[in-house]
Amino acid sequence: MVTKILALICALTLTTSVGACSEVQAQKAAISGESLLAVLEKASAQYIAGDFGTPDAQTVSNIKAYDAIAYADIVKIRTAAQAGTTISAAETLAATTAVTVFEDFLVSKKIISAQELSN
C-alpha cells in the first residue's frame, strides 16, 4: 500500500513538474516495493511448496511470471536509486504496477489476504 501511495505521489508530482522522481522518492518507492515483494515472494514460496495444499500448475506458472517482472522492475529502480541516477515516473510506475499486479493475483487466488498485507 505504501508503495502504491509513493508511486502515485511521484507520478502526480511528475505530471505537474519536473518529469522524474527525486532520489529520495525513488529510494522510498524501491524500499517499499522491495518490502512488499519480499512478503509476496514468501507467500508464493509456501504455495509452491504445497504448504496450502496441492499447488495448481497454472497458478505456479503465473506466480513465477509475475514475480520475475516485479523483481526486475524493482531491481531497476533500486539500482538507479543507489547510483543516484534519475528515475523516470514511467519506471517507478512500472515497478509499482508490477508489484500491485502480483499482489492482486495472490489475493485473488487466496494465497495471501489483503488483511495480512495491511498488518
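I looked up K76 first: at a relative accessible area of 49% it is partly exposed. My cut-offs are under 20% for buried, over 50% for exposed and partly exposed in between, with a 1.4 Å probe and protein chains only. This is a predicted model, where local features need pLDDT of at least 70, side-chain atom pairs count only at pLDDT 80 or more, and totals for chains, interfaces and linings use all residues. Residues are numbered from 1 along each chain as its sequence is written, and side-chain values use heavy atoms, without hydrogens and water.

Next I checked the partner of K76. The side chains of K76 and E91 form a salt bridge at 3.7 Å, N to O. I count a salt bridge when a side-chain nitrogen of Lys or Arg is within 4 Å of a carboxyl oxygen of Asp or Glu. K76 sits in helix α3 and E91 in helix α4, 15 residues apart. I took helices as DSSP runs (H or I, at least four residues), numbered from the N terminus. E91 is partly exposed, at 25% relative accessibility.

The structure holds two salt bridges. I found R78 paired with E34 at 2.3 Å, N to O. R78 is in α3 and E34 in α2, so this pair ties together parts 44 residues apart in sequence.

Conventions
Helix = DSSP H or I, 4+ residues; strand = E, 2+ residues; numbered from the N terminus.
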